[in-house]
Amino acid sequence: MPLIGTFTRSPAKMPLLDLSKITAGLSKTWSGFLRDWDRSLRSGNYPETTRYNCLPSAVFSSWPAARPPAWLAAQVAGAYSRRHHSGKPAMEGVETKLRRGASVADVGCGFGHSTVIMAKAFPQSRFHGFDFHEPSIEAAQKLAEEEGLGDRVTFEVTAAQDLPGGDYDLITFFDCLHDLGDPGAALRGAEEVLADDGSCLVVEPNVSAEPGENIHPIGRSFASTSAVLCLPAAMAQDGPHALGNHPGQDALEAIAAEVGLHSWRPAVETLTNLIYDVRR
Ligand SMILES: C[S@@+](CC[C@H](N)C(=O)[O-])C[C@H]1O[C@@H](n2cnc3c(N)ncnc32)[C@H](O)[C@@H]1O
C-alpha cells in the first residue's frame, strides 16, 4: 500500500473493536484519542449527536495531558520576546503593550493554560478566554481561581465566530484556528473587535501542507493527531472548512486576507510550531 493517497472505508464495514481491551494500560491521553478515533470513524452512519459528541470527548479527555503547560509557556515566551530573523521583535510592539496594560482575547482557550500563562507573565493586562466547550471553560475558571487571577482573567463559553467585547490589543489563537469549522468567520469576528493597531497571534503546527514532506517523526505525529482530533472536530461543526492540522501557511493566509487581515507574517518558528503575527 502506498504511504500517501486517499483511503476510504465504509463505517458499516468497520469491525467492532473491544475498546476496553485495546485501551487497557494506555495513558489517559492515548485512550482518549483511540476512543474518539473509533467513534468518529463510525460516525458517518450515525445521527448528528454522535458526531458532535466526538469533539468534547477528545478535547476534554486528552488535551491537557497532550499539551503540557510548560510547552505552552515556551510558545508564549518565544512569541513575545524572541526576535524574528529580520531583527524585529517577533510580535512587534506587543510585549510593550502587554507590560503597560492591554486587553487580550484568547480564542479556543480550552482549559485556559495559555490564558493563565499570559496573565501571570503580564500582571498589568486583562485576559478573556473563550471556548465553546463548557467543561473546558469550567476547568479554566477553576485554574484561574487557583492561581489567584480571578480579578484580571475571565472565561466565557462562546463560539470563536461570536467573539464578544471590543478594542482588544491582542487576540490569540493557540493551536485552534485549524480546528474550527469556519476559521474565516472566527478571523472576521476578530478583525471586527481588534483595536485600531491590534494584532492577532496565531500558533499553528510547523508541518507542511504537502503530505510527502511530513514523513518525519514530528510530521507523522501531527498528521496522525489530525486524523483523530482536528479533522473530526472541524467536520463536526459543518463549516466550510476541515483543514486538519497541516493546512500550510498559504491556505491560512488566504482565509485571513478574505476577511480583511492582510498582513500575515511568520514571527517565530520552533521545531513543532509556527507562530504568525496577523494584522489588518
Ligand atoms: C487543540 S485545542 C487548543 C486549546 C488551547 N488553546 C491550548 O492551546 O491548550 C482546540 C480548542 O478549540 C476549541 N474549539 C474548537 N472549535 C471551536 C469553536 N467553533 N469555537 C470556540 N472554540 C472552539 C476546542 O474546544 C479546544 O478547546
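Strand 5 is mostly covered, since 10 of its 12 residues are buried, where buried means under 20% relative accessible area, found with a 1.4 Å probe and protein chains only. Strands, like helices, are DSSP runs numbered from the N terminus, a strand (E) having at least two residues and a helix (H or I) at least four.

Strand 4 (residues 168-174) runs parallel to strand 5 and is joined to it by six bridges, and two strands pair if DSSP finds at least two bridges between them. One of these links involves Tyr 168, whose bridge partner in strand 5 is Leu 194. Strand 7 (residues 273-279) is antiparallel to strand 5, again with six bridges, and here Cys 200 has Val 278 as its bridge partner.

## How the model was treated

This is a predicted model, in which local features need pLDDT of at least 70 and side-chain atom pairs count only at pLDDT 80 or more, while totals for chains, interfaces and linings use all residues. Residues are numbered from 1 along each chain as its sequence is written, and side-chain values use heavy atoms, with hydrogens and water left out.

## Ser 208 in the loop

Ser 208 lies in the loop between strand 5 (194-205) and helix 9 (217-235), and Ser 208 is buried, with a relative accessible area of 18%.

Leaving aside neighbours within four places in sequence, Ser 208 is in contact with Glu 213, Asn 214 and His 246, contact meaning heavy atoms within 4.5 Å.

Technical notes:
Buried < 20%, exposed > 50% of the residue type's maximum accessible area, 1.4 Å probe, protein only.
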